[in-house]
Amino acid sequence: MPNWVPKTLSRRGVLSGSLLTAGGTILAALTPRKHAAADIYEPPTQIRSAGGSAHGNMIAVGEVDNARNGFDPGAMLTDWETGTVSRLPDGRALRTFELFAVDKEIEIVPGVFFAAWTYNGRVPGPALRATEGERLRIVFRNHGSHPHSVHFHGIHSARMDGIPGAGMVEPGGEFVYEFDAFPFGCHLYHCHALPLKRHIHKGMYGAFIIDPDPGRHPESEPVARSRLLGTPENKQVQEFVMVMNGFDTDFDGDNEVYAVNTVAHHFSKHPIKIDRARLVRIYLVNVTEFDPINSFHLHANFFDYYDHGTTLTPTLKTVDTIMQCQAQRGILEFSFPTHEAGLYMFHAHQSEFAELGWMGLFDVVEATS
Ligand SMILES: [Cu+2]
């Protein structure tokens, strides 16, 4: 629990309880205690000032060892897992992915380690990417210490749902999920073993993108082609996948660390280079456990939003903040054609999340090499 909330008033209670309707009561409860040293927010040692950042002094000092983690939050932005493709007797594409569960200690803030349960040794798991209408086969092996599954947000039979009784895999076991890739959009997968919140929060989730098949959308074919990985139109777009997550490092049911792609403050220290003339498309997925919502706010600009990514026209136009409940996701599109080059911030507009790691920068330049 963040230290700024008096221990007598739980953070959960503030977020979910009737105290929300009585702000004055909260203030009254907080004010008399605010001078007690234990109640004044003091960030953990690792999250103290690095100095000089755009939001002042609230980013973690030092660097996470990406090599030891085996993944790099920056590289994960564009690291699509496309599996292997073969042909079914009827000529349709069969795309096969391989996932495995493995326990792994990961570093989420410099010097702060988290005993994660992972898909393929990384958090988030691989960003699976397929095309609408394909047959998908996901071979899942459990090398972890607990029962796990892969529950896809998509359309499939009950047998393929990845829940207790249907596709749950004991340690040492294997299951093959199979279904058709519908609907196109920005989806996710996660473990559905019980207790659910613990399995999700431990790191068992990933993005699952189904690109539209342009042939099925003649009315919006140019947009569909731009969304289809590998087309010339798609190569013009700067695409990134961002999974918003949080970590409860002391297992009290509240997150102490927030991030996109797991490592707190990574994109504040390593801004994402953007060619200002080209479209930016972000596949944004919220898997944050314990908190009811998370959000994305873009500084100095506005974007179009496609809720769940299941449409080819925006569901919201010209917004600069979007909120998502857990498992909600969508596609953001924006560009900086007339902006000055420079660093443009993006972050959760729950300020507390931003200060605890969910904050980053776009480095907008004239042209990327
Ligand atoms: Cu699990």
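Phe 251 is partly exposed, because its relative accessibility is 44% (buried is under 20% relative accessible area, exposed is over 50%, and partly exposed is in between, using a 1.4 Å probe and protein chains only). Phe 251 isn't a glycine, yet its phi is positive, at about 55 degrees. You'll find Phe 251 in the loop between strand E11 (238-247) and strand E12 (257-260) (helices, H or I with at least four residues, and strands, E with at least two, are DSSP runs numbered from the N terminus). For background, most residues other than glycine have a negative phi, and most peptide bonds are trans.

Thr 318 is another non-glycine residue with a positive phi, near 55 degrees. Thr 318 sits in strand E17 (residues 316-319), and it counts as exposed because its relative accessible area is 55%.

## What you're looking at

This is a predicted model: local features need pLDDT of at least 70, side-chain atom pairs count only at pLDDT 80 or more, and totals for chains, interfaces and linings use all residues. Residues are numbered from 1 along each chain as its sequence is written, and side-chain values use heavy atoms, with hydrogens and water left out.

## The copper site and the cysteines

The copper ion takes its protein donors from His 148 (ND1), Cys 191 (SG) and His 199 (ND1), at 2.0 to 2.1 Å. Donors here are N, O and S atoms within 2.8 Å of the metal (3.2 Å for Na, K and Ca); water is not among the atoms, so sites may look incomplete. Along the chain, the copper donors follow the spacing H-x42-C-x7-H.

Cys 191 and His 199 are both buried; Cys 191 gets that label because its relative accessibility is 0%. Cys 325, on the other hand, is partly exposed, with a relative accessible area of 37%. The disulfide count is 0, where a disulfide means a pair of cysteine sulfur atoms within 2.5 Å.

E1 runs parallel to strand E5 (residues 127-131), and 2 bridges join them. Across that pairing, Trp 80 stands opposite Ala 127 in E5.

How many residues of strand E19 (residues 329-334) are buried? The count is 6 of 6. Arg 329, Ile 331 and Glu 333 point one way from E19, while Gly 330, Leu 332 and Phe 334 point the other way. In a regular strand, side chains alternate between the two faces of the sheet.

Strand E14 (residues 280-286) pairs with E19 in the antiparallel sense over 6 bridges, and Ile 282 stands opposite Leu 332 in E19. Strand E16 (residues 303-307) also runs antiparallel to E19, joined by 4 bridges, with Asp 307 opposite Gly 330 in E19.

## Two cis prolines

Val 123 and Pro 124 are joined by a cis peptide bond, with omega about -5 degrees. Pro 124 lies in the loop between strand E4 (112-119) and E5.

A cis peptide bond also links Phe 182 and Pro 183, where omega is about -15 degrees. Pro 183 belongs to the loop between strand E8 (174-180) and strand E9 (185-190).

Technical notes: Two strands pair if DSSP finds at least two bridges between them.
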